[in-house]
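Subject: Two-chain model for your files

Hello,

The sequence and coordinates follow. My notes on what was found come after them.

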Amino acid sequence: MHAESSSLLPEREQRATEQRADEPGWPSDRRGMTPVASTVSAAGLSRSWRSSTTRLLIIYGALFVVWSSVLIGVLHWETSKYLGAISDQILEQRARYLSTLDRQQLPAAMDASNAADLRGMMVYGVFTAEGQYVSGNLAYPPAELPADGRVHLLHSGIQRRGYDGGDEFHARALALQLPTGELMVLARSTNITERISQIIRQGLLWALSLTLIPGLIGGYLLSRGPLRRVRQFEAAVQPIMRGSLDRRLPVSDRRDELDLLASIVNNMLAELERLMGEVKGVCDSIAHDLRTPLTRLRAQLHRLQQQTAPEDGRAALIECCIDEVTALLARFAALLRISEMEDLRRRSGFGMVDMSAMMRDIHDLYAPLAEDKNVRFAIDIDPPPPLPGDRELLFEAISNLISNAIKFTPSGGNIRLQLRPCEGGAKLCVVDSGPGIPLDEREAVLQRFYRSDTALQLPGSGLGLSIVSAIVRLHGFRLEIGEGDDGGARVTLLCVPRDLSQPVAN
Amino acid sequence: MPKVLTIEDDAVTAREIIAELGSHGIEVEWVDNGRDGIIKAVGAPYDAITLDRILPGLDGLAIVTTMRQVGVETPVLMISALSDVDERVRGLRAGGDDYMTKPFAPDEMAARIEVLMRRRRTAGPVTELRVDDLELNLITRTARRGGLELELLPTEFRLLEFMMRNSGQVLTRMMIFETIWGLHFDPGTNLIDVHIGRLRKKIDRPGLPPLIRTVRGSGYMLADAR
């Protein structure tokens with residue numbers, strides 16, 4: 001994208017130049033263009049050329065160049081035609097006059113004409129039929145000029161006699177046969193036409209450079225404003241994406257189209273926030289309201305259990321009921337906990353966490369569980385530096401990962417917990433030899449209550465990974481679910497703290 | 001008869017506490033506002049106090065802070081409807097000894113109150129713990145049952161120490177997890193059971209009368225086999 005946009009201008013510039021060069025009688029001259037091209041194609045500005053203002057300006061500039069060239073071309077062509085016609089009339093008139101004169105009077109009439117022609121526009125000459133000079137101020141007869149009495153534009157230059165090797169100049173010329181058999185040549189310099197063309201051309205160059213350079217600079221400056229605002233939007237969107245739905249895009253009091261866009265997005269965000277709040281509120285209040293009666297139910301069952309003798313057949317049933325209610329309560333507690341963490345308010349527990357020590361504690365906590373299931377649980381630590389985080393929450397997140405791994409790894413399998421330092425933090429991997437998580441379920445497992453088909457036979461709420469996900473988001477870390485070497489799940493927790501100096505919460 | 005002060009503005013919760021602690025042989029005195037609460041807490045000796053975090057009149061945090069400032073060391077179990085994790089930290093920092101969120105399981109609450117009262121009675125340096133023929137030397141960090149040395153891992157030692165210090169009391173899984181690992185999330189029932197199972201295997205070897213008992217629906221208890 002970068003390379004593409006930086007080459008954009010020179011390319012257009014070239015095209016404009018080519019168009020000019022294609023026109024008739026237009027010298028291929030790029031001098032006027034080079035400074036423009038070098039000003040704007042400087043590296044580092046390339047990004048700004050992507051803005052719509054700049055693009056419009058370049059298109060407009062190119063059109064301007066094309067139309068100016070066409071206009072000037074027409075002007076040039078019309079002027080030369082007119083001047084040519086005048087020149088031809090003068091030549092023909094003079095030739096007619098001279099041809100009526102007596103042969104003897106001719107040199108004198110020519111000299112008289114010459115004397116009157118102060119700017120030296122006209123040259124005359126009389127030559128023998130073989131082309132030998134007889135009289136006049138023309139050095140030699142033009143080679144390709146037919147003696148037909150009509151005016152022709154000479155392709156090669158002619159030379160004035162008397163000037164030592166004087167400059168050749170372009171001319172329109174007329175030749176006719178005198179009754180004596182001699183050749184009379186009249187020529188008129190096209191200097192004026194050329195000079196006028198030059199003036200027009202220079203005018204065009206000045207006009208283009210004076211319009212294009214400030215135009216492009218202005219365009220660049222103009223495009224910077226909107227780009228800066230887009231960057232502001234970008235910065236404002238970051239916290240929103242991280243979950244602070246109460247943030248809004250900045251709106252200036254200019255009330256331009258960007259502000260219009262920003263306020264549309266802001267309205268959308270407000271609606272989104274309201275809906276999210278509503279959903280979360282409903283979820284939370286269900287969980288919250290059901291907790292109290294469930295706790296009472298559990299208490300009553302517990303009392304009933306204490307009043308029932310262990311030998312009574314109903315004792316087992318009561319115990320079953322208590323277990324169910326306890327599981328239900330745990331599920332609600334987990335749900336409320338996720339919701340609490342998603343509020344992103346908990347920051348007081350943050351401190352520097354020694355991940356290596358924590359890994360060992362987690363191993364210590366879960367090794368017996370793995371062993372009971374006949375699963376090998378190994379840790380592999382290359383100590384990273386301490387990380388800012390909430391030890392208890394991180395412990396909970398990693399515990400959940402390990403607990404999941406143990407749950408899904410069949411007897412005889414193995415689990416590896418790996419910790420490595422990495423750029424800006426630490427990288428933690430939990431690899432198991434279980435069935436793995438299918439590609440299409442990897443996103444879904446992080447959602448609340450999602451349980452894969454393989455998990456349906458196992459106890460659990462489907463909230464474990466959602467809790468992990470919430471904790472990871474709170475820390476600004478990243479969770480990746482992939483595949484281990486032997487087909488099991490590989491969950492990678494990339495612990496690279498984002499800038500915590502700014503609180504995410506409101 | 002041990003005596004507990006309950007400072008709680010919600011009548012339903014208060015009745016629950018009275019009933020549950022009553023069934024454990026604990027007498028409960030109930031006040032429903034912070035002002036009366038602080039007067040009673042500072043004025044009369046209690047074995048423990050259950051304290052609601054949010055009260056009319058005087059806030060629970062303020063009560064416990066004041067109590068500690070005037071040198072009243074009665075153990076306080078803070079009970080709060082605020083489930084926010086930060087609240088626990090705040091409550092414990094203010095001087096609370098333990099923290100529970102509403103709604104709570106009454107048996108868990110009773111177990112916690114008993115542990116608090118017990119901790120107070122046995123305050124002071126202890127070098128050796130003894131339950132039945134099980135001995136735990138806290139200085140040499142060795143454990144013996146019937147004179148035979150037990151090989152315990154550090155975590156197992158801490159777990160056994162906690163259970164022996166509170167012998168004869170029901171310890172819920174949550175209490176064990178909070179005390180031994182210092183964590184407050186729900187680890188799932190299985191995890192603590194496995195750890196207790198390992199300890200049990202080392203202590204209650206086949207043929208010996210079992211010291212660690214499972215209390216149905218609640219947790220575990222280490223007590224004399226007799």
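**Contact between the chains**

In this predicted model, 25 residues of chain B are in contact with 27 residues of chain A (contact: C-beta atoms, placed from the backbone, within 7 Å). On the side of chain B that touches chain A, the elements giving two or more residues are helix H4 (85–93), helix H5 (106–121) and helix H8 (189–203) of chain B. Helices (H or I, at least four residues) and strands (E, at least two) are DSSP runs, numbered from the N terminus. H8(B) gives the most to that side, with five residues. By type, the residues of this side of chain B are 12 nonpolar, seven polar and six charged. Here Ala, Val, Leu, Ile, Met, Phe, Trp, Tyr, Cys and Pro count as nonpolar, Asp, Glu, Lys and Arg as charged, and the others, Gly among them, as polar.

As for conventions, residues are numbered from 1 along each chain as its sequence is written, while chains are lettered from A and ligands numbered from 1 in the order in which they are written. Because the model is predicted, local features need pLDDT of at least 70 and side-chain atom pairs count only at pLDDT 80 or more, whereas totals for chains, interfaces and linings use all residues.

**Chain A**

Chain A has 11 helices and 14 strands. Of its 506 residues, 27% count as buried (20 or more other C-beta atoms within 10 Å of the residue's own; exposed is 12 or fewer, partly exposed in between; C-beta atoms are placed from the backbone). Contacts between residues at least 6 apart in sequence join residues at least 24 apart in 65% of cases in chain A.

An open sheet of five strands in chain A has the order S9-S11-S12-S14-S13, with mixed pairing (two strands pair if DSSP finds at least two bridges between them). Its edge strands, each pairing on one side only, are S9 (376–381) and S13 (478–483) of chain A. From one strand to the next the twist averages 15°. Within the sheet, S11 (414–422) and S12 (425–432) of chain A pair in the antiparallel sense over eight bridges, and A:Leu419 stands opposite A:Leu428 in S12(A).

Two helices lie on this part of chain A. Helix H9 (355–372) of chain A lies across S9, S11 and S12, running at about 175° to S9(A). Axes are lines fitted to C-alpha atoms, for helices over the stretch in contact, and angles run from 0 to 180 degrees between N-to-C directions. Helix H10 (391–408) of chain A packs on the sheet, touching S11, S12 and strand S14 (489–495) of chain A, and its direction makes about 20° with that of S12(A). H10(A) is mostly covered, with 17 of its 18 residues buried.

**Chain B**

Chain B has eight helices and 12 strands, and 42% of its 226 residues are buried.

Strand S4 (76–80) of chain B has five of five residues buried, so it is largely enclosed by the rest of the structure. On one side of S4(B) these are B:Val76, B:Met78 and B:Ser80, and on the other B:Leu77 and B:Ile79.

Strand S3 (48–52) of chain B pairs with S4(B) in the parallel sense over four bridges, with B:Leu51 opposite B:Met78. S4(B) also pairs in the parallel sense, over four bridges, with strand S5 (98–101) of chain B; there B:Leu77 stands opposite B:Asp98.

Regards
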